[in-house]
Amino acid sequence: MPHKTKAHIADIEQRLLLDAIYHQYHYDFRAYAQASLKRRLQSALTQFSCKTLSQLQDRVLHEPAVFTGLLQYLTVQVSDMFRDPSYFLALRNEVVPILRTYPSIKVWVAGCSTGEEVYSLAILLHEEGLLDRTLIYATDINPHALRAAEQGVFDLDRVAAFTENHARAGGRSSLSDYYTARYGRVVFDKALREHMVFSDHSLATDSVFAEVHLISCRNVLIYFERDLQNRALGLFHDALVHRGFLGLGSKESLRFSAQAEHFDDFVLEDRVYRKKAGR
Amino acid sequence: MNASAANASNTPAGGPGGPYQAIVIGGSSGAIDVLNVLLPRLPVGLRAAVIVLLHLPRDRRSLLVDIFRTRCALPVQEAEDQQLIQSGHLYFAPPDYHLLIDNGPRLALSVDAPLHFSRPSIDVLFESAADGYGDKLVGVLLSGANDDGAAGLAAIHAAGGYTIVQDPASASMPTMPEAALARFSGQTPAPHVLTPDAIAARFIQLHAQRLL
């Protein structure tokens, strides 16, 4: 079969599979960036011993366990604690002084995956003396990732990199103060978890659930097409308090979005934005 | 199967394909010297977009845009997520993100796991570009010390694109071009094997033939 025809059929199959997933399981990947999704689906084919996405669709519809497995391929992101240390430094130096003026603080980590960023923020806020009056909402669409995040357990061999990032992020304490190591893993302190609420939430289909002072959503929007990016940014705008803060990934930007006019650049080089006064 | 689809996909690599809408260039160690030969010679009025991916240190800002902006006739920028690809523009992949070609055609970034210990990975860019552009694509693989890009170049070739591998004898790190060529041993048509100067000359020739 000519290459072009094969590629065309693969595109059709991908659309049909995403439709099937939406109608049966109510997860909406239809407005995700399709090229990345395609790579992940190709590796899922091998995992589930399917030759084509049509075969995979059949299994997904008739075997819920296959869908659960596929969800891991489609959604799990591995991040590092304090990834992009300068982002956390910007939060610490520029955003924390303003958060400090609030009697109670709410933070939303949207698309928290397995929780690296949630623990990073909790530790930063603890170091700045704000954690006691802070609640962090950590949301994701993947229930397995949320459960892992809630447990706060990471592989020990990742901790050296976390520790280095933490120091470069202006850490005022030792990262080892916050975890205990055993059997090749580290478990983060339960006291941090008392300030976290983990919850299932989709930026594609759900609405705003709380009013928050800071939203951190990094390297999530790059998996969305432009319309879905705009939807998510609209949710963020609605969820933020007057003059609240939004942090994005280092290669994400409001520049081309419909929401650009509703935010000011706050620390532009670290992608920290601030909701404009007014609406 | 309709006849026109079959014809389009049977264009042999190296044959009279095109016009090409994009050139993707991948490389690793030793490749920046080649870019220095190639990119400044790309002519104004080039119809294809040029997308360049080098393996770079992940924790530093890339200086490629600063370096080449002053040396190139084409507009030079770092690739941004969801940006529509413009013909005659030169884009560099940012460090620590994969770069893909998505519908539009647009540029798309991802933080999926490294491939061949590399993020960005040449395979990720080349395979998505082969999907997006089919036989309207030129793929160029340069000097490098691992085998990233070999599978991607094969995907471009299979889609009917025009493939060029830097002559390993001219590469300061021949591993990458050799790994790509090993996939084609005995196959015809094979990718064009060219020195940096010859690659630049080929671009100019294809442009003169209104294929680039």
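Here is a short walk through this structure, which is a predicted model.

Let's begin with chain A as a whole. Chain A contains 10 helices and 10 strands. Picture a box drawn along the principal axes: the C-alpha atoms of chain A fill roughly 65 × 50 × 30 Å. As for the inside of the fold, 43% of the 279 residues in chain A count as buried. Where they touch, domain 1 of chain A contributes nine residues and domain 2 of chain A contributes 11. On the domain 1 side, helix H4 (residues 64–75) of chain A supplies the largest share, three residues. Sorted by class, that side of domain 1 of chain A has five nonpolar, three polar and one charged residues.

Finally, turn to chain B and find two of its helices, H4 (residues 122–133) and H5 (residues 150–158). Their axes in chain B come within 7 Å and cross at roughly 10°. An angle under 35 degrees counts as roughly parallel, so H4(B) is roughly parallel to H5(B). From H4(B), residues including Leu125(B), Phe126(B) and Ala129(B) meet residues of H5(B), among them Leu153(B) and Ile156(B). The residues of this contact between H4(B) and H5(B) comprise nine nonpolar, one polar and two charged.

Methods. Residues numbered from 1 in each chain as written. Chains lettered and ligands numbered in written order. Predicted model: local features only at pLDDT ≥ 70, side-chain atom pairs only at ≥ 80, totals over all residues. Helix = DSSP H or I, 4+ residues; strand = E, 2+ residues; numbered from the N terminus. Buried ≥ 20, exposed ≤ 12 C-beta atoms within 10 Å, placed from the backbone. Axes fitted to C-alpha atoms, helices over the stretch in contact; angles between N-to-C directions. Parallel < 35°, antiparallel > 145°, perpendicular 65-115°, else oblique. Contact = placed C-beta atoms within 7 Å. Nonpolar A, V, L, I, M, F, W, Y, C, P; charged D, E, K, R; others polar.
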